[in-house]
Amino acid sequence: MRSGLWNIILFVLIFILQVLICNYVELGAYIYICLIPLLVINIPMKTDIRVTMLAGFAIGLLLDVFANGVLGLNAAAATMLAAFKGSVFQRTVNKEHRYNIEVPSMRNVGIFNYIGYLAVCTGIYMVTYTLLECVSLRPFFFILLRILISLVINVALMAIISNSIMDRE
Amino acid sequence: MRRSELISLISTVLLFLALEILSIMMASNNSIVQRYRIMGAIRNTQTSMWKTSRKVQYFINYRVENEKLAQENLALRQELDLYKTAADAVDSVSSKAGYTYILARVVKNSTNKQHNFIVLNRGRNDGIETGMGVITDNGVVGVVNAVQDDYSQVISFLSADQRVSAKIAGNGTFGPLAWKGRSVRQARMTEIPEHTEVNPGDTILTSGFSTIYPPDIPLGKVTKVFDNGVSIDINVELFQNFGALQHVYVVANNNAGQIKQLEK
C-alpha cells in the first residue's frame, strides 16, 4: 500500500507536469495533452461523492489558474468527471472488483478493464472540456477529431504513467 | 428510498450543479469568446422560451381577442356603411343608412349535409328577424329562417336551394351563385352572358341586387370557366371557410320595407 505522502508527491508531480505541458508544449490544434483525469480517478472510490466533486473542482481550477487558460474550463470538466467516475467504474469493471477496490489500477482490475475505465473517464473529461472551450458543435469534424486524437494519446500516456509510477508498491 | 438517501442525492445534485454553473460563469467572465457564445446560447434559450410563452398566452387569450376583434370589425363595418350612405347622398338622391349589423356567435354549424343549418346566439330580443342575411368578412353565410327570443337559425349558403346574386369584380356582370353540393369551398356562378370576359383568378362579389346582402362583399375567386354554348358557367372557390365559422354579422337592410313595397 502506498503511503499518503507518496500519493501527495505523485499528485503534485503530475500536476506540475500538466502545468508545464499546458504552458510550454505546443502540439497543434488537434492535440490537448491532459493528465488531470488521472488525478481525479485516483481519488479513492470510498470517498464521498461530494468531497470527490469538490476535490475535482479544486484540481481543475488550480490547473486553470496555473496554466493561463480560460478560468473554469478544466474545473467544469474535472467536476463532471468526479461526479460520474463512480458510475463509470461500476459499469466497466467486473462484479468481483466493484466493491473491494479503492483505487483502480491495471494490477487490481486487469488491463482491459482499466483501459476501458480510463478511456470512458478521459472521454467524459475531453468532451466536457472541448464543448465548453468551443461552446458549440461547429466545426463538428474538427471537434470530433480533436476529441478522438486527444483521447487516444491521453489514455496511452495515462496508462503508461499509471502502470510505471502510480501503481508501484 | 429513505429520507436520508433522498437528502444525500439532492445535496449531491445541487452541489454538482453549483460547481458546474460556477465553472461556466468563470469561463464566461474570463474569455470574450466564451462570454459571447454562452450569452448567445442563453439569449437563444430565452428567446425560444419567450416565444413559447407568447404562444401559450396567445392561445389562452385567443377567444377574448377574437371577440374583441369581431366587435371592432362590427364598429368599422357600421362606420363604413355610414360613409357609403353619405357618399350616395352627395352623388344623387338622399337615403337613410343602408344596413345595420348585429354581431353574433355561431353556436351550432353543420357542413356535411345537402341542407345545412347554423344556430346563432342572437334572437328576437337582439333585433333579429327572419329573412335577414348573415355574412362575414369573407363572404355570405346564409339567411335567417327561424327566430327565438335568444337564438336564431340560419339556412346555410351550403344548401342545395340557396342562391346569392353575385357579380364579377372587373366588369360587374352578374348572375346567381350557388353551392355545388360537394366541397364546402366550391360554388358555381351561372347564367353569365357568353361575350363576358372572365378569367381564372377574377374576384366574385355580392351584387347588392337583393334586399338580403349588401353589395361588394367578396365571395370567392374564379377557378374555371365553362362555355355551355348559351352562357358561361364559372367555378368559384369560396373565401369563406364554413368549417371555421365563429363570429358572423346579421345584416338588417333598413330600406328593405320600401324596396319590397315597390316590388309588389
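## Conventions

Two strands are paired if DSSP finds at least two bridges between them. Strands (E, at least two residues) and helices (H or I, at least four residues) are DSSP runs, numbered from the N terminus. This is a predicted model, in which local features need pLDDT of at least 70, side-chain atom pairs count only at pLDDT 80 or more, and totals for chains, interfaces and linings use all residues. Residues are numbered from 1 along each chain as its sequence is written, and chains are lettered from A and ligands numbered from 1 in the order in which they are written.

## The barrel of chain B

In chain B, six strands form a closed barrel in the order 1-2-5-4-3-12, with antiparallel pairing.

Strand 12 (residues 247–253) of chain B is joined to strand 3 (residues 133–136) of chain B by three bridges, antiparallel. Here B:G133 has B:V251 as its bridge partner, and B:V134 stands opposite B:V250. Strand 12 also pairs with strand 1 (residues 99–109) of chain B, antiparallel, over seven bridges; B:Y101 stands opposite B:V251.

Because five of its seven residues are buried, strand 12 of chain B is largely enclosed by the rest of the structure. A residue is buried if 20 or more other C-beta atoms, placed from the backbone, lie within 10 Å of its own.

## A helix pair in chain A

The axes of helix 4 (residues 73–92) and helix 7 (residues 111–134) of chain A come within 9 Å and cross at roughly 150 degrees. Axes are lines fitted to C-alpha atoms over the stretch in contact, and angles run from 0 to 180 degrees between N-to-C directions. Helix 4 and helix 7 of chain A are therefore roughly antiparallel, a term for angles over 145 degrees.

Definitions and conventions:
Angles under 35 degrees count as roughly parallel, over 145 as roughly antiparallel, 65 to 115 as roughly perpendicular and the rest as oblique. A residue is buried if 20 or more other C-beta atoms lie within 10 Å of its own, exposed if 12 or fewer, and partly exposed in between; C-beta atoms are placed from the backbone.
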